[in-house]
Amino acid sequence: MAVEELSMSQMSHVYLVKHIASGQPYIIKRLSKAHALYGQMRREADILCSMDFTFAPKVFRVFEDSDYSYIVMEYFHGDDLCGIVRKYGSTPLSAVLFGLSICSILKQLHDHYPIPIFYLDFSPKHFILCGSTLKVIDFGASMLRNGPVKRPPVLTPGFCAPELNQQRAPDERADIYGACAMVRYLLGACGPTPMDNGDSPLSDRLGAILDKALQTNKRRRFRRTDDLYQSLKSLLPGTVSSGKIKRIAVISLKNGYGATHVSIALTSAMNLLGQPACYIPKDPEFLDELSLLYPSMTNSSGNYCYMHFRGSRAPSDDGVMVMDIGRINDAATDLPKETDLILIVARGAPWEYGSAVSLTGMPEPKRRLFVLNGTDRQRAGEFSKRLFERCLIFPNEKDPFIISWETCAIARAVLDLL
């Protein structure tokens, strides 16, 4: 086997290994029997072996020698939340979505039969985004309900419920504290600007939820994970129902205006809102290029997934197809006849007016919508008045996969026209 050491502590060493014959990667955790907390660390293997959840790594083998115990586990390929924040930043909406995913994981642990499991060891490094699925590693500090109460290993400062350092029996409220500490961490990555820029109800309502969940006195927190989940879910925009297949063609007045960026973000936002949507590129090979930029993107039979994004080489058979057509010069030949809506990406500059007017001669559908990318409200207003057309301002996001509240608003406006 090829071996690479990933991390080391006083309690354990973690190695990434690759089976020479198959090339399959695995994780091996080596635990020192001489360590005072060896028994608690070894319990991680027992807990993982008792579970059958896709969000937790499978244990393939446990073996020992005279000095160490070894756990061979599934390897999760993806970015942890630290890496996601460092690479792509965060938004209040993405923080809420990650919080909902964490709650879903906790609910399955707390409902585990025959004995509920409390995770306890929250850290951004323990949550891995694999494609569009959030997974969790490191169950070394986890405890079973009604199990022996011992002081847990050193937990991550700022994410640990206060009562865990007092050798008290944990319950759901300890995990609720940790989950909201994770949301608080993601909000901190949003920068010094107001959480919602005054355009959404997130600020006050989310702040109230976090205040309740992060109370030092656990009696004042949410009692059940379901209660926290429903409170966070209430912050999301209303979902829309899916109907027959709808087709949106995204074209741009000039190269470099961001038709691809808008198409990817729009697809992600629709899926976030509950409307199945699939991105269809002009060049099918583009999805392979995109997966090289985002290694955590998964590819299954030509379907590419990352966070809320879904893309396909071939037309989708459900929901909304977002077709990235490219420049307007190509639209005459590439625009499918059954298109339900043309989305035109412009910058709102005065010299674009002539090209925009020429779109009135395009074939059906007559429904079209201008999306101004990289412009301000004043220029957008002037452009809209000259065209006698509605123009939406696309938010200046550096990464199309991190969806803002403003992008969701555009997605809703688009869906309302379908």
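Me: Before we get to the pocket, what counts as a helix or a strand here, and which of them each supply at least two residues of the lining of the second largest pocket?
Reply: Helices (H or I, at least four residues) and strands (E, at least two) are DSSP runs, numbered from the N terminus. Keep in mind that this is a predicted model. With those labels, the elements that each give at least two lining residues to the second largest pocket are α3 (92–110), β9 (133–136), α6 (225–233) and α7 (259–273).

Me: Which element gives the largest share of that pocket's lining?
Reply: The second largest pocket has a volume of about 520 Å³, and 27 residues line it. Nearest its centre are Leu-97, Phe-98, Leu-100, Ser-101 and His-308. The largest share of the lining, eight residues, comes from α3.

Me: How many nonpolar residues are in that lining?
Reply: Sorted by class, the lining of the second largest pocket has one charged residue and 10 polar ones. The nonpolar count is 16.

Me: Is Tyr-257 buried or exposed?
Reply: Look for Tyr-257 in the loop between β11 (246–252) and α7. Buried means under 20% relative accessible area. Tyr-257 has 10% relative accessibility, so it counts as buried.

Me: Which residues touch the most other members of the largest nonpolar core?
Reply: That core has 125 residues, and its largest share, 11 residues, comes from α3. Apart from it lies another core of six residues, Tyr-15 and Tyr-26 among them. Back in the largest core, the residues touching the most other members are Leu-109, Phe-139 and Met-270.

Note on methods. Residues numbered from 1 in each chain as written. Predicted model: local features only at pLDDT ≥ 70, side-chain atom pairs only at ≥ 80, totals over all residues. Heavy atoms only, no water. 1 Å grid on protein atoms, 1.4 Å probe; cavity = no way out; pocket = protein on both sides within 12 Å on 5 of 7 lines; lining within 4 Å. Points joined across faces, edges and corners; volume = space filled by probe spheres on them. Nonpolar A, V, L, I, M, F, W, Y, C, P; charged D, E, K, R; others polar. Buried < 20%, exposed > 50% of the residue type's maximum accessible area, 1.4 Å probe, protein only. Core = buried A, V, L, I, M, F, W, Y, C linked by side-chain atoms within 4.5 Å.
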